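Subject: Structure for you to look through

Hello,

Here is the structure I said I would hand over. Please open it first and keep it beside you while you read the notes below.

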Amino acid sequence: MAKQTPEAWMARAVELARRGLYTTDPNPRVGCVLVRNHRLVGEGFHERAGEPHAEVHALRQAGDAARGATAYVTLEPCSHQGRTGPCAVALIEAGVKAVVVAMADPNPAVAGRGIAMLREAGIDVEVGILEDQARALNPGFIMRMDHGRPFVRLKMAMSLDGRTAMRSGESQWITGAPARREVQRLRARSSAVLTGVESIIFDNSRLTVRPAQAELDEVELVAGRQPLRVVVDSQLRLPQAAACLREPGRTLVATCTGHDPERRERIEAAGAEVAVMPAAADGRVDLQALLRHLADVEQTNEVLLETGATLAGAMLDAGLVDEMQLFVAPTLLGGEARPLFQLAGIETMAQQRPLDILDIRAVGRDWRITARPR
């Protein structure tokens with residue numbers, strides 16, 4: 001049998017890390033492979049925050065065979081004591097001879113210290129193999145560590161003529177069941193789902209993950225975790241009977257009118273938490289401040305923005321959308337229906353907002369366009 005290349009072993013570690021896509025939050029998704037004499041002796045991935053890291057699972061599987069092995073890890077082994085022990089120390093004590101790391105950890109608590117610790121112990125360390133694939137696993141964790149805010153993924157469902165709902169607000173359903181299944185998977189991987197109060201008033205969305213509808217193989221892992229539901233509600237208009245308030249998990253209402261004690265008490269009595277944010281120049285919630293709050297206080301990595309034209313446009317105007325998932329149905333809703341975005345200041349072709357298309361693929365009878373604001 002031909003020898004596997006370092007890239008092939010790291011590709012296996014990336015594949016393992018992907019198994020934690022729905023479960024590791026707020027930790028990063030990490031995979032590890034241990035190889036000795038060109039043979040796999042142990043492998044593992046990080047499953048849940050507070051539980052053993054990928055390296056520990058791989059070392060346990062390898063046992064004594066870890067001595068003299070090479071470890072392939074998608075993220076720099078941690079060097080600090082958190083809810084679990086430092087993985088760099090575990091690798092040193094196990095006697096591995098080399099560690100191949102896809103990417104350095106952006107977490108300031110690690111930030112090269114794990115690599116330095118391994119090298120000081122006489123272990124050969126190589127960094128950078130399949131780094132792009134490793135970074136793609138953790139866009140939110142990297143964004144939170146590097147920029148102090150979550151990665152924001154905007155999801156919109158629209159007709160072929162770019163409409164999201166009828167003028168009355170009726171919108172269910174534009175897309176088919178396969179597209180809605182993909183949306184469930186986007187929710188499942190997200191730390192939080194963000195919407196505006198108008199969307200709750202019109203659609204009464206639950207904003208929850210329904211594992212059966214998502215058809216996830218990892219259903220037994222994801223079933224117990226719901227993303228934080230965040231409702232932007234400057235005037236505290238959230239109905240007390242809103243469906244999202246009766247669902248498992250937390251609902252956070254972001255407002256800038258927290259001085260209204262009566263409205264706040266009613267919403268909190270209905271089961272929501274209220275967070276008072278600074279007001280922007282237009283009197284609405286300062287969206288940048290909200291994202292900083294989600295990163296700092298809630299340890300939010302990835303936000304799924306599911307909302308209407310007003311909040312979606314405001315997030316785009318503020319430069320706070322990192323990726324767009326646009327589901328396009330082969331149907332027409334007409335000129336009186338609601339548009340995809342409300343964007344300020346576009347009056348000439350020179351002011352248009354270009355996008356980079358990353359992917360287009362069929363999802364049932366619909367199409368999914370993955371794009372990035374340029």
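The side chains of R374 and D356 meet in a salt bridge, with 3.0 Å from N to O. A salt bridge here is a side-chain nitrogen of Lys or Arg within 4 Å of a carboxyl oxygen of Asp or Glu. R374 sits in the segment after strand 16 (366-373) and D356 in strand 15 (residues 355-363), so the pair, 18 residues apart, links distant parts of the chain. Helices (H or I, at least four residues) and strands (E, at least two) are DSSP runs, numbered from the N terminus.

Before going on, note that this is a predicted model, in which local features need pLDDT of at least 70, side-chain atom pairs count only at pLDDT 80 or more, and totals for chains, interfaces and linings use all residues. Residues are numbered from 1 along each chain as its sequence is written, and side-chain values use heavy atoms, leaving out hydrogens and water.

Buried means under 20% relative accessible area, exposed over 50%, and partly exposed in between (1.4 Å probe, protein chains only).

Salt bridges that share partners join R29, R153, R189, E302 and E323 into one network. Within it, E302 pairs with R29, the closest N and O atoms being 2.7 Å apart. This links E302 in strand 12 (residues 302-306) to R29 in the loop between helix 1 (6-18) and strand 1 (31-36), 273 residues apart. E302 and R29 are both buried. E302 also forms a salt bridge with R189, where the closest N and O atoms are 2.9 Å apart. R189 belongs to helix 7 (residues 177-189), 113 residues from E302, and R189 is buried too. The count for the model comes to 21 salt bridges.

The other item is helix 3 (residues 87-94). Which of its residues are buried? They are C87, A88 and L91. Seen down the helix axis, these fall within an arc of 110 degrees, so they line one face of helix 3; the arc is that of the directions from the axis to the C-beta atoms. They pack against helix 2 (54-62), strand 3 (70-73), strand 4 (98-101) and helix 4 (113-120), where contact means heavy atoms within 4.5 Å. Just after helix 3, G95 takes a positive phi of about 85 degrees.

Regards
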